[in-house]
Amino acid sequence: MLRWKRKLLVMFSILLCISCSLLEHAIAAETCTEHVPGVPVGVTESTCTQTGYTGDIYCKVCNKRLSKGEMLAKLPHQLGEPINYEAPTCIKPGYSGDRECINCKQVFLGNTLGISDHQFEGNDCVNCGWKIPGFYIDNELIMDWDDLKANGYITTKETSKGTEIASMKGNLGGLLVIGEEITYLDGNQRNLYNDYLQEMWIPRSVKELGRYILSNLPSVKECRLFCNVDSISGFSSSNLERINIPDSVYYIEAYAFNGCKSLKHIDIPDSVIFIGGDAFSSTGLEELILPDNLEVLGECAFNESLKKSASRLDHGNGQ
Ligand SMILES: [Zn+2]
Ligand SMILES: [Zn+2]
Ligand SMILES: [Zn+2]
């Protein structure tokens with residue numbers, strides 16, 4: 001019983017206190033002749049993730065709100081140095097790099113930087129080694145690509161795969177640097193036979209390699225690839241002796257170099273993760289260093305080749 005009485009007393013005194021203070025303020029607001037602004041209330045600093053607020057000002061005497069605050073815009077992100085930046089070259093696009101805000105840690109993805117122009121000195125690009133497209137004998141430009149087309153040595157065609165070479169006269173006997181309009185290469189064409197051509201350079205414009213690139217070009221001994229293809233195929237049963245594999249390549253397809261008896265050496269970049277079945281079978285390879293990242297090594301990838309250095313094969317993770 002005593003407890004109850006005490007509780008009631010407490011509640012009553014609280015109510016009394018609230019009403020008296022309200023009364024006090026109401027009177028004060030009416031009679032306050034000179035408001036005294038206090039410090040801003042509800043101030044919030046802007047950050048890069050939220051807006052800020054300047055705060056409301058109240059009178060110190062009567063507690064009347066004298067002014068409303070203002071919203072403050074978010075602060076800009078403070079981006080750190082780009083990570084994984086890659087400079088563009090004339091063969092490969094670059095990357096502006098991802099940047100992290102040093103305050104909120106949000107990561108902003110970069111964008112692709114377009115390939116740069118070749119820098120020609122004479123007929124040669126000083127940056128990537130590419131040449132002005134055309135036909136060369138002993139490093140001398142005999143006829144450029146446009147003249148080859150104008151004189152009917154080369155014709156092109158548009159297909160569902162892109163721009164292809166449609167025909168080539170059989171009497172070009174040196175180096176052919178293919179024009180940078182060709183986007184797809186496939187040698188399995190009726191009018192493409194040429195058994196004089198020694199060397200062929202494949203431009204950066206090529207997006208995909210077909211499956212019979214050298215099947216009508218039996219005298220080609222060297223191919224240089226300036227393209228960013230992700231897979232290699234189509235050099236099988238050729239007389240190829242030298243070829244480079246660009247570091248854009250992930251897949252060396254089945255039978256890619258099958259039967260290339262004159263191919264004695266090839267460097268495989270670390271980008272390659274897949275080597276298909278019979279990719280290098282019946283070649284002249286005596287040694288091959290498999291890339292560290294190799295995941296799949298197809299069946300009989302080196303059948304009949306590499307007898308002398310089979311021990312080199314345990315570099316990869318495949319079978
Ligand atoms: Zn006041
Ligand atoms: Zn931020
Ligand atoms: Zn270049």
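What follows is a chat about one predicted protein model.

Biologist: Before we start, what kind of model is this, and how are residues numbered?

Modeller: The model is predicted, so local features need pLDDT of at least 70 and side-chain atom pairs count only at pLDDT 80 or more, while totals for chains, interfaces and linings use all residues. Residues are numbered from 1 along each chain as its sequence is written, with chains lettered from A and ligands numbered from 1 in the order in which they are written.

Biologist: OK. How many helices and strands in the protein chain?

Modeller: There are 2 helices and 24 strands. Those are DSSP runs numbered from the N terminus: H or I with at least four residues for helices, E with at least two for strands.

Biologist: And how much of the chain is buried?

Modeller: 23% of the 319 residues. Buried means 20 or more other C-beta atoms within 10 Å of the residue's own, with C-beta atoms placed from the backbone; exposed is 12 or fewer, and partly exposed is in between.

Biologist: Let's look at Glu 253. Where is Glu 253 found?

Modeller: In the loop between strand E22 (251–252) and strand E23 (274–275).

Biologist: Why does Glu 253 count as buried?

Modeller: Because it has 20 C-beta neighbours inside 10 Å.

Biologist: Leaving aside neighbours within four places in sequence, which residues is Glu 253 in contact with?

Modeller: Ser 231, Ile 232, Ser 233, Gly 276 and Ala 279. Contact here means C-beta atoms, placed from the backbone, within 7 Å. Also, Gly 277 is 24 residues from Glu 253 in sequence, and their C-alphas are 7.6 Å apart.

Biologist: You mentioned E22 and E23. What is the strand order in their sheet?

Modeller: E20-E22-E23-E24, an open sheet of 4 strands with parallel pairing. Strand E20 (231–232) and strand E24 (296–297) are the edges, each pairing on one side only. Pairing needs at least two DSSP bridges between the strands.

Biologist: How many bridges between E23 and E24?

Modeller: 2 bridges, in the parallel sense. Phe 274 has Val 296 in E24 as its bridge partner.

Biologist: Switching topic: which way do E11 and E12 run, parallel or antiparallel?

Modeller: Antiparallel, with 4 bridges joining E11 (residues 134–137) to E12 (residues 140–144). Ile 137 sits opposite Glu 140 in E12. Their hairpin has 2 residues between the strands, and Asp 138 takes a positive phi near 45° there.

Biologist: What about E11 and E15?

Modeller: E11 and strand E15 (residues 175–177) pair antiparallel over 3 bridges. Opposite Phe 135 is Leu 176 in E15.

Terms used. Two residues are in contact if their C-beta atoms, placed from the backbone, lie within 7 Å.
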